[in-house]
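Here are my notes on this model, point by point. Please read them with the structure open.

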Amino acid sequence: MLSRRNFLGGSAVALASVAAISGRVQAAGIPEASTTASPTMQPPLPPRRGQDYQPVVTLNGWTLPWRMNGEWKEFHLVAEPVTREIAPGMTVNLWGYNGQTPGPTIEAVEGDKVRIFVTNKLPEHTTVHWHGMLVPNGMDGVGGLTQPHIPSGKTFVYEFLLKTSGTFMYHPHSDEMVQMAMGMMGMVVVHPKDPQFRRVDRDFVFVMSSYRFDPGTSLPKVAEMTDFNIWTFNARVFPGIDPLPVRLGDRVRVRMGNLTMTNHPIHLHGHHFSVTCTDGGWVPESAQWPEATIDVPVGSVRAFDVIADNPGDWPLHCHKTHHAMNAMGHDVANFIGVPQRALAKAVKSVAPGTMAMGSDGMADMAEMGMPLPANTLPMMTGTGQFGPIEMGGMFTVMKIREGMTPNNYTDPGPYKNPQGTVAYEVQTNAAGEPARQPGGGKSPEMKMPKQPESGGHHDHH
């Protein structure tokens, strides 16, 4: 549950050595740091003090509250160890900000002067880098190069003018490999000063992260470089990822940051869309083109805008198929088509209860509910109104419904398909084979071209 802990108060608090912060802000005191450990998507924070924008909603996350101090908008991040429920049945130990990972979304408006306090409660030093943002060199957050590292137990402050609107990220540039592998990251959304510039009706944001957990463990292997087995939207995997509830006809923006070690082709079913923004700024309308899948490179942001004109439950997922699954052994042999009865009998003689699987594919694993090590998720999971969904990892659903009220982000439940619009079974003949065209039951013989006898390469181009 979100705790503001007298966030709007102006009294000084003993969170830092005052020597570590600018004299310009000492008199006003450090704002209290809001925290939450809940993985449930929190309502957006409506704009105030005369500003006008459509606030963002963070999947399985929240927006960091702020206070005005003169002409400065002040925020407070706390870097600290956290626990995170990846999905029901798996809770892990990570590092993050203000009670969870990713940290809260920082939301402001182009032209704002922002002052961001960062208190370090980690066991080692840290910094915060404002990825993609145009800031003074001394505010860029690269430990040792542009600023001193923030020691454990101290608070530093970052101050800068938001020169451009767009979608950005924040993460450490201090022991970066370990700290980012432990989950230290978050998103920054800067709305345009002109409230009508590319305005949308609903605005969603999340950051992608990946981890390597051995079965039954709760601490990631931070030295892993390629063989990750937990792929997340905002440190959650399906079926733990929030859906995106949308009103039919809404103009919707989805902002996605990628701080994993590989690219992600993100696909939305049932719609075409345009990429409208990167972490380098807005894409001119003349440079946009229609897409159904957009690749999000490493260390980048992509935002797309879509008109939600097709009602239903539409998957939004990474199209690298193993990224839409939960932890699995990557060295599993392929037994499709292999008779295993004799092998299973022999193995059961020494290991009673052993089950032979995989001869007909792996779909049965999503239905059997096999026992798993503690704190471990099924590889394929989730149940829909028609049966097992057989997904995991980077998979969620955009739920488009007629009649939803503005700013209502409640899950509307399964879509009620109009009669006659669901795929259905048809009757076949007794043998179960579909009717074929005359002469269509045999594949034509394939003739291979004759290879040159010399075996040379003189004909290659």
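1. Arg-202 lies over the face of Tyr-409, 5.0 Å from the ring centre. A charge sits over a ring if NZ of Lys or CZ of Arg is within 6 Å of the ring centre and within 35 degrees of the ring normal. Arg-48 does likewise: its charged end sits over the ring of Trp-66, 3.9 Å from the centre.

2. A word on the source. This is a predicted model, where local features need pLDDT of at least 70 and side-chain atom pairs count only at pLDDT 80 or more, while totals for chains, interfaces and linings use all residues. Residues are numbered from 1 along each chain as its sequence is written, and side-chain values use heavy atoms, with hydrogens and water left out.

3. Now the aromatic rings. A pair of aromatic rings is described by the distance of the centres and the angle of the planes. Rings of Phe, Tyr and Trp (its six-membered ring) pair if their centres lie within 6.5 Å; planes under 30 degrees apart count as stacked, over 60 as edge-to-face and the rest as tilted. The count by this rule is 11 aromatic pairs.

4. How are the rings of Tyr-97 and Tyr-170 arranged? Their centres are 5.3 Å apart and their planes stand at 70°, so the pair is edge-to-face. Tyr-97 lies in strand S4 (residues 90-97) and Tyr-170 in strand S9 (residues 166-171), so the pair ties together parts 73 residues apart in sequence. Strands here are DSSP runs (E, at least two residues), numbered from the N terminus.

5. Are these two residues buried or exposed? Buried means under 20% relative accessible area, exposed over 50%, partly exposed in between (1.4 Å probe, protein chains only). Tyr-97 is buried at 0%. Tyr-170 is buried at 0% too.

6. Tyr-170 also forms an aromatic pair with Trp-130. This pair is tilted, at 6.0 Å centre to centre and 45° between the planes. Trp-130 lies in strand S7 (residues 129-131) and Tyr-170 in strand S9, so the pair ties together parts 40 residues apart in sequence. Trp-130 is buried, with 0% relative accessibility. Tyr-97, Trp-130, Tyr-158, Phe-160 and Tyr-170 form one aromatic cluster.

7. Last, a sheet. Five strands form an open sheet with mixed pairing, in the order S13-S24-S21-S15-S19. Its edge strands are S13 (244-247) and S19 (293-296), and each pairs on one side only. Two strands pair if DSSP finds at least two bridges between them. S21 (residues 312-318) and S24 (residues 395-401) pair in the antiparallel sense over 6 bridges. There, Pro-315 stands opposite Val-397 in S24.

Note on methods. Helices (H or I, at least four residues) and strands (E, at least two) are DSSP runs, numbered from the N terminus.
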